[in-house]
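Take a walk through this model, from an annotated domain to a ligand site and then to charged pairs.

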Amino acid sequence: MESQVMTNPEDISKLYRELSLFPSLTRADVGPVITSQYGGKYSNIYTEWSQRDLERSENVKFCRQYIVFHDDKSVVYSGPSGNCTEIKGELLSKDSPSGDMKAVVRESNIKGEDKQFLEIWSKNIKVKSINLTALKKHGKVYEDDQFGCLVWSHSETHLLYVAERKRLKAQSFFQSVSPESCSLADEEEGVKMGKEEETTKGEQFVFYEDWGETLVSKSSPVLCVLDIEGSNVSVLEGVPDNISPGQAFWAPSDTGVVFVGWWHEPFRLGLKYSPNRRSSLFYVDLTGGQCEQLSSGSSAVCSPKLSPDQCRIIYLECAVYGPHQQCSRLCMYDWYTKRTSVVVDVVKRPREDGFAGIYSSSLSPLCWSADSQRILVSCPQGSRKDLLLVETTTGSVTSLTSKSPGGSWSLLTIERDLMVVSWSSPNCPPSLRVGFLPLCGSSEEVDWVMLEESQTQPDIDWQILNFTPPPEQDNSQYPGLDFDALLLKPKDVKEGVKLPLIVTPHGGPHSVIVADWLLSSSVLCRMGFAILLVNYRGSIGYGQDSILSLPGNVGTQDVKDVQFAVESVLRGGAFDEQKVAVAGGSHGGFVACHLIGQYPEFYKACVARNPVINLASMIGSTDIPDWCMVEAGYNYSTDCLPDPAVWEQMLNMSPIKHVRQVKTPVLLTLGEDDKRVPPKQGIEYYRALKALQVPVRLLWYPGNNHSLSKVDAESDGFMNIALWMTQHLSL
Ligand SMILES: CC(=O)N[C@@H](C)C(=O)N[C@@H](C)C(=O)O
C-alpha cells in the first residue's frame, strides 16, 4: 500500500524545528488606565511567553507589551508597543498595584555562586537591590506555582514571598576550624553583616522530606516580608509548625496575611498534579502573630483570590485523597461575616446546558470582575477548554466561549473587566486576544480582538469524536457514561492511501487532552500520521461520576475504552489497520503497555514515557503512594502498612502481568530524576522484555523528571519516537 509518511530524519528534524518555534503564553498583566492628552483611555498589556531554543537547549522566556485603547466597554484600537525582549535571571516579578514600581526576585551567579536578590524598580531606576542570600534570614525563594508568590501590600510598602526555612550550616564532628574552611564570599558577607554563621554538628546527613516531583528540596516553606523603606526582611511568626504555607496574599487593609497551609504530618506526599492534599485557608495576624484557620481542615483547598472590593475570597476545594484530580467546588469566604458558601458544587454528570463542573487546581492570578460579583474560570469541559463566568451570588455558570470556534481558551488575567486570553487549537498555535466582559445580566457575546495572531496550520485537520461503550463494557456502578477522543489527520490524503494511526491515551489517569496546540502531535500529523488522543472514562471534564468510575478498574475500563475507540475509528476505513502504534506517558504509558499485552497482534509499535508498570513495586518508591492504592480500588490512609492481598491486586492490575503476551517493539523513555513514576518502573519492563526477546530500546535522560520536558530531552525523545514509529510500522 502506498505511504505518504515523511521518513527522512533530516526532514523530520527540520519540521520539528519549524513547528517548535511557536511560543506559548505564560502570563499577562494589564497596567493602569492612562488618559492621553486627547482624552482617549488606554492601558499597557505586559505579556510573557516561553519558546523552545533548540540551539541553546533551553526554554527562553521573553516579554512583549501591547497598547489597548478602550472606552471601558470595548477595545477601540490596539497594537504591540515595541519588540520582544528576552528575560533572564528573573525568578519572580510583579508590578505594584498603582503600576509605579516593580519588584523582581533575581538569581545571579557571582564568582561561581548562585545568589538571590530582591530588587525594587521605580521609573527608570533600580532603587533597591537586596542580597537575600547574604541576609541569611531564610533559604532559597520559592518560584514554583505550588507555593510561590511575590505580592505587594495594598499600601505598596511591603512585599510578601515564600522561601525555604533557614537551616543551620551542618558541619562534620571532625571539621577542624580553619580560616580556609569557609569560602571567601561567605567570609566577606559574614564580615559585612557583622556576624559569624551559626553551625551545627551531626546534622550533615539528616534526611529532609520534600514535596516530591518538581518540588525537590522544597521542604519547609516560610512566609517572608520585606519592609521596603527599611530594607528589612522578616520571617512571619505564628504559622503552625505542622503546616507548610504558600499561595499567600495580603489580607484587607494589610492587617495580616492569608495563605494556604498544607499539613505535612505524619509525612509529606507529592503535590504536583495532586490538589487532593489536606490543606486549609489560614490568616496570620501581623501584629500578634495569631494564626486562624479559615476553612474546614477536612478538605483540600487551593488558589484563593481576594475580590477587588477586598470583601471576599474565592477558592477551589476538593476531597482529600481519592482520585488526584477531581471536580472542584468553588467556595467563597466572606471576610466580614466570616461565613463560607459553596458557589458552585461538584457536578456528577454534565448538565443539559453542557456545564460539566469545575476542573482546575489554579484560578488565574486575577479572576474577579470589577464589580466583585463574578468570577472567571478557564477549565476543560469535555475535550475543549472554555471560559466560564460564575455569578457568585447565585452560583449560575455560563460559558463565554462555547459558541466560539472549538479549541482551548485560557484566561491569563482580567483587570477592570478587560480579559486577556490565550487561544489555540490542534491546528493553530497560541494567539493572544483581549475582550471586555459583558455587563452583568447581559447576554451579549464577547467581541474578541486579536493582539498577536498565530499561523494556522492548514495541513492539519482535527475533530472531536464521541463514543458510547458497548453494553458489556458499561460500568454498572456509574452506568451510561460516554467518552471522547480527538482525531488529528493530515488534510490532503492521496487517493488510495490509508493513513498509519498513532493512538495516545493520556496520563493521570484523571486528566484530559483538550483541543489545544500540541507540538508533537502536530509534527507527527504533518509527517503523515493520524493521531487519536483518547479521553477514556475517568478523564476530567466529564463530571465527577466519570472520574469515580475508573479507580478499581484501571487496566480494564481505560484499556477497553481506548481499544473500542481505535477499532471504531478503523472501521471508517481511512486508516491502515496493519499500521497502528500506541504511545503514552505515565498512566498513559500504563494503558499503552496494557494494550500491547492484552491485544498482542494489534499494535506494531509502542512508546512509553516513564510508564507505570507495576503498582505493587511503585508504591514503595513513588512520591504518591496513595495514588497506587486508590487506582487499584482501595482507600488510603497514611498508616497503611503492606498487605499481601492489596499487593496481589495491584500486581494483577498492572501491565507487567501481561508482559508474556507482548510482541510489539517497545521504546522506553525514562527520566533519571522522576520522583513520580521512578525510572525503575521502566527498567522492570525493559528487563522482562529483554528476557522475552521482544525488541526494546531504552532512552535514559539524566537531569530530567517525570515530564521529560527539558528541551534537549523533549526534542531527542521526539526524534526517536518518530523514527521508532516509521521503522516498526515499516513506512
Ligand atoms: C497524579 C499523577 O501524577 N499521576 C501520574 C501517574 C501520571 O499519570 N501523570 C500524568 C499527569 C503525566 O502525564 O505525567
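UniProt lists residues 522-729 as "domain: Peptidase S9 prolyl oligopeptidase catalytic" in an unreviewed entry. Such annotations may be inferred rather than shown by experiment. The span is 42% helix and 16% strand, and its end C-alpha atoms lie 19 Å apart. Helices (H or I, at least four residues) and strands (E, at least two) are DSSP runs, numbered from the N terminus.

The model is predicted: local features need pLDDT of at least 70, side-chain atom pairs count only at pLDDT 80 or more, and totals for chains, interfaces and linings use all residues. Residues are numbered from 1 along each chain as its sequence is written, and side-chain values use heavy atoms, without hydrogens and water.

Now the ligand. The residues around the ligand (a heavy atom within 4 Å) include Tyr273, Trp627 and Arg676. A polar side-chain atom of histidine 706 lies 2.9 Å from a ligand oxygen. For arginine 609, a polar side-chain atom lies 3.2 Å from a ligand oxygen.

Next, the salt bridges (a side-chain nitrogen of Lys or Arg within 4 Å of a carboxyl oxygen of Asp or Glu). The whole structure has 35. Arginine 52 and glutamate 714 form one, at 2.7 Å from N to O. Arginine 52 lies in strand S3 and glutamate 714 in helix H12, so the pair ties together parts 662 residues apart in sequence. Arginine 384 pairs with aspartate 386 at 3.0 Å.

Conventions
A polar contact is a pair of N or O atoms within 3.5 Å; within protein, one must be able to donate a hydrogen and the other to accept it, and residues adjacent in sequence count only if both atoms are side-chain atoms.
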